[in-house]
Amino acid sequence: MKTSSTMFHDKHHHNHSKRERFLGLPFVFSSLLVASIFCLFFLNYPNPSNLIPQQGIHLFENFSQNQEHPIITTQTLSSSSSSSSSPSSSSSLSNPPTEQKPCDLFKGHWVQALGGSSTYYTNSSCPSIPDGKNCFRHGRKDTDFLNWRWKPDECELPRFDPNTFFQIVHGKTMAFIGDSVARNHVESLLCLLSQEEAPKDMYKDSEDRFRKWYFPIHNFSLMMLWSRFLVVGEERMVNGTGTSVFDMQLDKVDSDWAKELPYLDYAVISCGHWFFRGMRLHEGGKEVGCVYCDEPNVTRYNVDFPLRKAMRTAFRYISECKECRRRRMVTVMRTFAAAHFENGYWNTGGYCNRTGPMSESEVDFGKFEWEVRNVQMEEFERAREKGGRFEVVDVSRAMLMRADGHPGEHWGNKWMKGYNDCTHWCMPGPVDMWSELLLAVLRKASAFHLNSI
């Protein structure tokens, strides 16, 4: 059943069940109980590309290892800039800058935080940390992965200040649109904001995929709209069992998020992890090809084809949304954040047990994760050139270096001991940096909007 178009806008919310099915597991279990547990796990924890072992250089048609798409922001420097590293500092949007310089916030390196930990919250100060990302609760002992901050090459990235964030979004609605990694970002942002104001739970569907929180003091609504592909994609079922093959409608956006778009002031969209499945591709009502298939008379595509099509379809829909233009909605694309399974896939013993970040020289920018990011950036640039308020939070480079930030074996599922989560991110952890970048981008967008009035 699809979600109600009024579920986020009526003060008296009704429960609307969301009965999507997720992919069947790639091997047969001897116990129905174990099978159901695995299915439940992957309902909310997609693993990028590791479900299909045929990956590497052949995933993409036009592979460019060193392709760059820097987004230049303006870093404001003043005599008080050194205080911006304090979590309690609040920079007013109206403060006139004393100096401005261009800075690519997304190109840099990880440096040790002064005074040790760079975290904003703990297990105690943020009780809403989801169990699967509460790594310390489930036995993680090392803490060095918390002692790093992202340092752009040409400037400083200010620490996240909830007061500044609330000042920008006062009276507005923001939705994160994407899969469980998008949800990971929302959960991190909730912890960051709850240090200033505790949110009220306003809505949760039966599968905990569609959520709404409200911060009454700041009149700010935060939403999670779950979507695998951004476009329509349904798993093929045989006798009630998933086949791991999805029918993807490349030219039709997922209505579950699209119908909420006119009510939003900020839409933060992301995708990527679900595209590494078997797919039958449809466009204009016809099947046009497939991914991970080997059938005669069927055009075979690499992963970049449906990914690019899905991003283009989503951006086109947003650009053509008349109510979105009237509200001057800002669309923020968050780029792909890679998983870090080493020495195997999720189901073949793969793990992620590093305790500190890698240097840029250790990162292989020839891997498919970087090309996923490049495809997304190309479609983002294409959409922005056509007009509209499009911004980007490019986390790909930074997160490629953070193989130490995943739950690994410390994700607390007693039924799946021996299997590691190297897709999602510990909280607190490097995922909190995403909101530092988001705030910097929102400040730039807000300043531009004020100057254009």
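Reader: I'm looking at this predicted model. In what sense do S6 and strand S7 pair, and over how many bridges?

Author: Good place to start! To read a pairing, check the direction of the two strands and then the bridges. S6 and strand S7 (residues 211–215) run antiparallel, with four bridges between them. Within S7, Lys212 is the bridge partner of Tyr203.

Reader: Which sheet order do these strands belong to?

Author: Follow the pairings from strand to strand. Here the order is S6-S7-S8-S5-S11-S15-S16, an open sheet of seven strands with mixed pairing. Its edge strands, S6 (200–204) and S16 (389–393), each pair on one side only. On average, neighbouring strands are turned by 20 degrees against each other, direction ignored.

Reader: And which strands does helix H2 touch?

Author: For packing, look at the contacts and then at the angle. Helix H2 (residues 162–169) touches strand S5 (173–178), S7, strand S8 (220–226) and strand S11 (266–269), and makes about 85 degrees with the direction of S8. Helix H5 (residues 304–319) also packs on the sheet, against S11, strand S15 (330–334) and S16; its direction makes about 165 degrees with that of S15.

Reader: Which side chain does Glu436 join in a polar contact?

Author: That is Tyr120, at 2.3 Å. Beyond its neighbours within four places in sequence, Glu436 is in contact with residues including Leu157, Pro158 and Phe160.

Terms used
Residues are numbered from 1 along each chain as its sequence is written. This is a predicted model: local features need pLDDT of at least 70, side-chain atom pairs count only at pLDDT 80 or more; totals for chains, interfaces and linings use all residues. Side-chain values use heavy atoms; hydrogens and water are left out. A polar contact is a pair of N or O atoms within 3.5 Å; within protein, one must be able to donate a hydrogen and the other to accept it, and residues adjacent in sequence count only if both atoms are side-chain atoms. Contact means heavy atoms within 4.5 Å. Two strands pair if DSSP finds at least two bridges between them. Axes are lines fitted to C-alpha atoms, for helices over the stretch in contact, and angles run from 0 to 180 degrees between N-to-C directions.
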